Amino acid sequence: MPTVSQPQTPAALDSPLKEHRERPVKTIADKLETSSLDERSYRVVALPNKLEVLLVHDADTDKASAAMDVNVGNFSDEGDMPGMAHAVEHLLFMGTKKYPIENAYSQYLSAHSGSSNAYTGATSTNYYFEVAATRAEDAKDDEASPLYGALDRFAQFFIDPLFLDSTLDRELRAVDSENKKNLQSDQWRLHQLEKALSNPKHPYCHFSTGNFEVLKTQPEKRGIDVRQKFMDFHEKHYSANRMKLVVLGKESLDTLEAWTADLFAGVRNKDLEQNRWETEVPFRASDLLTQCFAKPVMDSRELDLSFPFLDEESLFESQPSRYISHLIGHEGPGSIMSYIKSKGWANGLSAGAYPVCPGTPGVFNCQIRLTEDGLTHYKEIIKVFFEYVSLLRENAPQEWIFQEQKGLADVAFKFKQKTPASRFTSKISAVMQTPLPREWLLSGHSRLRKFDPTKIKEGLAFLRPDNFRMTVVSQNFPGTWESKEKWYGTEYTYEKLPADFVAEIKRAATSTSLTRLPELHLPHENQFIPTKLEVEKKDIKEPAISPKLIRSDDLVRTWYKKDDTFWVPQANLFVNCRNTLPNATAENSLKARLYTDVVRDALEEYAYDAELAGLDYSISSHSMGIEIAISGYNDKLPVLLEKVLFTMRDLEINVERFEIIKERLARGLKNWDYQQPYNQVGEFTRWLNSEKTYITEQTLTELPHLTANDIQQFYPHLLRQMHIETFVHGNLYKEDALKLSDLIEAILKPRVLPQTQWPVKRSLIFPPGANYVYNKTLKDPANVNHCIEYLLHIGDKSIRPLRARALLLDQMTHEPAFDQLRTKEQLGYVVFSGVRSTVTTIGYRFIIQSEKTPQYLEARIDSFLSGFSKTLGAMSDSEFEGHKRSLITKRLEKLKNLDQESSRLWGHVDSEYLDFELTYEDAAQVKQLTKSEMIEFYEHFILPSSPARSKLAIHLNAQASDTTTTVKNGIKALGLNKDHKDNEDGEIMPVHQEGNGTTPYVITDVREFRSRLQVSAGPQPAKHISEFEELDSKL
Ligand SMILES: [Zn+2]
């Protein structure tokens, strides 16, 4: 294994001539419109090769980052090789002339607390990374931060990529696996169907991902040198003048500019034109007034209307589609949604415009999630839609509505908080491809600047009954489908809309105030718009690490922290109504879930205005009770809380609405089986690690037995006795926080649930030498991907030295595991390794989704782990120390915004560990670790030949493979009869001896499995709770 390279010193900076050197770099803008909280500085420059760069100096950041957006994407793929742009994106990572080792880039990033990714869009390919912003403590004084070395490696993608022959097949297999991952995803399937039914002369129709067949097998049969093709594509489309780079670091703008100018000077400029498509449109007249009925994989129902729309490329000041989608997508009184929901036809509605590509008009889209009844009334719904459009046309664009939207957008931008460094660079590099004035790169699409009624009217004029396409998605309607889409196999029927229906729509579109539904009207003024936005910013030496406990009695504990870091006029409130009922039985957990679903449904219209005004709430049930959370501008937060609590307390369940919610939940639970296998596997791991939780199929079994009356009877019990734990964080004073607790107490008026009755959180303990296997056959018959989760149990997660070892193991193996199992062996697109915790224990796991069988995957993971033992043994001290440093930097990474801090602190309260100093403790422990301690740990807990290691493997088997026969044979061979078992139990598979001499225990009876195991101790607080108390009312 090659050693990790260290950051270099940029020669140019040391040059004595630097001061006098001519600066060929041209400054384009050095004053950007920023949010009031933004303390970064910015400069936009153009290099002599016409590469445009946004430089960002951030003195406070602990992560540096860069992103490159290249103006070429799948719209430029050649017709007979779909996926070329995407394949080139994958291949650029695989070695460059200066750094020929295929994983040099990812290894360098991994050694410096970094990571990277990329995506391919229609007209752009976007690459980005992030890395530690500061050099290591023990680095030499003249050494640059790791950003320099990362930029150097990154720049080579665009200068001299090798397209190494040896990596080509493997990376195309990664693309193939990526495509197979998407094959059963309705989102991909329906999007491709829409593309397939568009103008074949416009590249919108392209299949963007590609697969091994079309990128390798077929072209080679035609005598094409595939590798040469990709190099030609790079040569033809990658040009400095088509690239937009964003570099963010701790260094000064001058230093960043000098580095960028040096490292990216070699990117060749071919003066290519911007990619634009102006001669064809995606939807011609012949593609309009069509109806498409499509059959989804999951049981969902949807009505989709799309309209060819304005090209808004240069309308960033007025953005007319935002006015229109605000009204069409509204959910308050008078809206389309309000009406069709009152008829029992819809569960959701969203509307908005999106651009297709430069030079081509955009599309306005309205999506409605239908109920069963809604599906039979889809034509009525379309008529309601057009009646509402006629209302909008009749009422001239209202300036007050625009001003309301503008005001909210201005406030949102003013108090915009930081996002992770690479999310910022990636996003802004893509924005730089648009014609925004450079001063507005950060604010351009967020803010609204100009009320333009003419453009709004022009936009509205596109929402005509002769200018749209309709799609109805359903598994049952019409029941037979005539065609199959080429790439994903989606069944559909596509035809012209019936003439009589079009005539009805036309009538609806010309309705007047006399003929239209009286229920439809424009929204009222939004009462939730925050008016008090003051923040009292103080000088804080050290932000507080822990919240304070400001109320603690038998009924209520109130945790509180005044924001001392982010200074935004916002707050987060979390409330846990602790109650033992939801976890008693699967039926109870389902009742609690339905109760929260009904509460949310009842609040939908009311809470919509709050949501628009930046104030959100959630209510959900979990094994320990009901959780309420409210988040956003603190001004009106108590108003929303009060309404949520009253709704919870006084809920009168409407039977019809309940049946709609129940049916929706039933579909949701059934659809669970049709998710990606890697999204399913975690539920089984959780289940088999816990003493008592329920999995989806257990819940589903209970659903048919529940009625509205059951929930009406049940929920008062949920509320009558509880313990209330709350956490208030943000721009609120202590008295405000106490008042919120009082409000909860006063409205719900619960009796105390004595502390002795609170449930204790525990997990199962897997003994040393444990070797458990759980098998499950995946339900989707068309899915080809198996999945494994391979979990090694380590122990109590509060034992600090043990945690530190597990975390460092994750750091050291993350990149090599990906390199071996994904890049080299190509087991599948989804390859993941890392630490996994339960409520009280910690473990180390792999998840792989693959066409290979779980048994095979398990053997490959074993092989990797055996091999890594040698890597660890041979690891140099400097590399070992590098991993420690990289991990410590990650653990201590600063939080970016109020929400992140709130969730972290609430997590510490809710987990009952109260371990607010966890990350600092982790870092301190990691710092002390020696290599021999890690080897000892590895040989005990991880190495496949260790008799002490303790493993649980979940095998999810795809039906579309040979393993089903193995399952049946296995059952026969073992002479077992499954009839007496619950249907949730796993299946029998042939067993084999393991490398450590243990025989796998195949879990077929989960209760028996649990009964053999001990359970862990519950969480012990890191400090006694009294140490956080600050109960006197003086602050
Ligand atoms: Zn990809």
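Begin by selecting Asn 211 and Glu 213: Asn 211 caps the N-terminal end of helix 7, with a side-chain oxygen lying 3.1 Å from the backbone nitrogen of Glu 213. Helices here are DSSP runs of H or I with at least four residues, strands are runs of E with at least two, and both are numbered from the N terminus. The model is predicted, and local features need pLDDT of at least 70, while side-chain atom pairs count only at pLDDT 80 or more and totals for chains, interfaces and linings use all residues. Residues are numbered from 1 along each chain as its sequence is written, and side-chain values use heavy atoms, with hydrogens and water left out.

Now extend the selection to the whole of helix 7, residues 212-221, where the buried residues are Phe 212, Val 214, Leu 215, Lys 216 and Pro 219. Buried means under 20% relative accessible area, exposed means over 50%, and partly exposed lies in between, for a 1.4 Å probe and protein chains only. These buried residues of helix 7 pack against helix 2 (84-92), helix 5 and helix 8. Following helix 7 you will find Gly 223, whose phi is positive, near 85°.

Next, select helix 5 (residues 165-182) together with helix 8 (residues 226-237). At what angle do helix 5 and helix 8 pack? The angle is about 90°, with the axes 10 Å apart; an axis is a line fitted to C-alpha atoms, for helices over the stretch in contact, and angles run from 0 to 180 degrees between N-to-C directions. Helix 5 and helix 8 are therefore roughly perpendicular to each other, a label given to angles of 65 to 115 degrees, whereas those under 35 count as roughly parallel, those over 145 as roughly antiparallel and the rest as oblique. Show the side chains of Asp 165, Leu 168 and Leu 172 in helix 5, which meet Val 226, Arg 227 and Phe 230 in helix 8, where contact means heavy atoms within 4.5 Å.

For another pair, select helix 25 (residues 800-824) and helix 29 (residues 918-928), which pack at an angle of about 75° with their axes 9 Å apart. That makes helix 25 roughly perpendicular to helix 29. Among the residues that meet are Arg 800 and Leu 807 in helix 25, and Leu 918 and Val 926 in helix 29.

Move on to Asn 275, in the loop between helix 9 (253-263) and strand 8 (290-294). Is Asn 275 buried or exposed? At 11% relative accessibility, Asn 275 counts as buried. Leaving aside neighbours within four places in sequence, the residues in contact with Asn 275 are Asn 71, Val 72, Ser 76, His 237, Arg 242 and Pro 358.

Then select Lys 776, which is found in strand 23 (residues 771-777) and is buried, with a relative accessible area of 10%.

Finally, clear the selection and view the whole protein chain, whose secondary structure comes to 32 helices and 29 strands. Along its principal axes, the C-alpha trace spans about 85 × 75 × 70 Å, and buried residues make up 58% of the 1035 residues.

Definitions and conventions:
Polar contact = N/O pair within 3.5 Å; in protein donor to acceptor, adjacent residues only side chain to side chain.
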